[in-house]
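Dear colleague,

Please find the structure below for your review. My notes on it follow.

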Amino acid sequence: MSSDMRPVIGLEVHVQLTSLRTKLFCSCSADYRGAPPNTHVCPVCLGFPGALPVVNRKAVEHAIQVCLALNGTVAKRLRFDRKHYFYPDLPKNYQITQYLEPICSGGYVEIETSGGRTKKVRIRRINMEEDPGRIVYPGGSPLTSPYALVDYNRSGIALLEIVTEPDLESPEEAVEFLEKLRSILEHLGVCDCGLEGAMRVDANVSIAGGDRVEIKNIGGFHEVKRALAFEITRQRDILLKGGKVRRETRHWDPVRKVTLPARAKETEEDYRYMPDPNLSPVKIPTSLVERLRQSLPELPDARARRLAEQYGLRSDVAKVLVKRKVLADFFEDAAQLYKGDYRRMANYLVNDLLNWLKDEDLRGLYTKVKPEHLAKLMQLLDKGVISIRQAKEMAEHIAKEGKDPERLVQELGYTRITSREELEPIVEQVLEENKKAACDAKKNPKAINFLVGMVMRKTRGRADPSLARKLVEEKLATIQC
Ligand SMILES: [Zn+2]
């Protein structure tokens, strides 16, 4: 592929500040998920005439923390603008957002590219804004529904709109960026980004020679990758055929796995931005910014370095652990309860348990599987009660059912046979049943492996292999051929 066919990708990520108890401009509860429609509403978030918004102070603090964690510059003052457009989920007919003075400018997120190189993805700006309500189609989609419903519970939820420069060059890099961003937000404690709709992505894609295409509202990182891959192929095809890529907005259809043209988008001028007269600009005190800077928690990159050093982990394993805060927390909590081979524990968590936990977005961590379980399992391995293979087989039960490893060992009949008395009769039986092989083994030591294998098979892998070998050798010495 020639270098000028390389895609240029920029992202706009909408992040709900899910840790807030109330909405951005009113005191309605922000915990709207699962609530009956239109029960978390008031005159402010329903846009009644004369209702006055009041800024949620915590939301401003969270926005500043995100800005600092992404290496950005915090604005000198807090100012909000109105962005006008008509849509049923927006009862005021304008959205309160930031246009001329975003709370944060500049900054970057460091990601690792497929070549193992680190790369800085620049952040252009971060805006604070309110989420609109939600349109619900009873038949599943506009085409299959005779009418639409509007639920304003989400209306007014605090959002950050994080806009990158077009620094990303592949769908994989875009996902790498989103994963890193999610982990930073989780470490800051401002977003439980696994919640439905808590992190929503728009992507701009272009290829040299073509115009920029915007793909709106892609849910889930996996979908982002697919949507970008589809769009890049579509644009390349047009350019290779000598056509022209038009500037447009498209939607990602996750069912048909294609991007489709959407309504012609308003231009910036159409929005008629103007300062919100109900929210006069206020100074952001330097002392507040400094206090928040001092109180920033340990962020993913620093944590990965510390985990590698403190527990002797391989750096790639440490990086996997910090991709999700809950995973790294879980590892460290288990490490408090277990002194031993941390490397083996991290590998087991990342390779075996994670395999069974990722479908439910790690919801099983702490709720089903507890740090004690992982610690106990490692102790069972250390004591030789179970083999590595058995530990791997137990992963599904521990992850999905939250079973205590000690009980599981009993239930699965995994206890290892380490006593001479128990194993001796089994070895004798094996030699009796394999007389010819036993006589061969007396002359050819290599044939002993076969007999040990038979003992392992008879005990369904429960025999301690070194004890089995020892007993086979002993018994061979006593038999006559
Ligand atoms: Zn309200």
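Which residue takes a positive phi just after α10? Glycine 402 does, at about 60 degrees. Please note that this is a predicted model, in which local features need pLDDT of at least 70 and side-chain atom pairs count only at pLDDT 80 or more, while totals for chains, interfaces and linings use all residues. Residues are numbered from 1 along each chain as its sequence is written.

Helix α10 covers residues 388–401; helices (H or I, at least four residues) and strands (E, at least two) are DSSP runs, numbered from the N terminus. The end C-alpha atoms of α10 are 20 Å apart, which agrees with the 20 Å that its 14 residues should span at 1.5 Å a residue (the expected span is 1.5 Å times one less than the number of residues). A kink of about 35 degrees is centred on methionine 394, the bend being the angle between axes fitted to the seven residues ending there and the seven starting there.

Met394 is one of the buried residues of α10, which also include Gln390 and Ile398 (buried: 20 or more other C-beta atoms within 10 Å of its own, C-beta atoms being placed from the backbone). The buried residues of α10 pack against α8 (342–357), α9 (371–382) and α11 (405–411).

Elsewhere, an open sheet of three strands has the order β5-β4-β16, with antiparallel pairing (two strands pair if DSSP finds at least two bridges between them). Its edge strands are β5 (94–97) and β16 (274–275). Arginine 82 has methionine 274 in β16 as its bridge partner.

Yours sincerely

Definitions and conventions: Buried ≥ 20, exposed ≤ 12 C-beta atoms within 10 Å, placed from the backbone. Contact = placed C-beta atoms within 7 Å.
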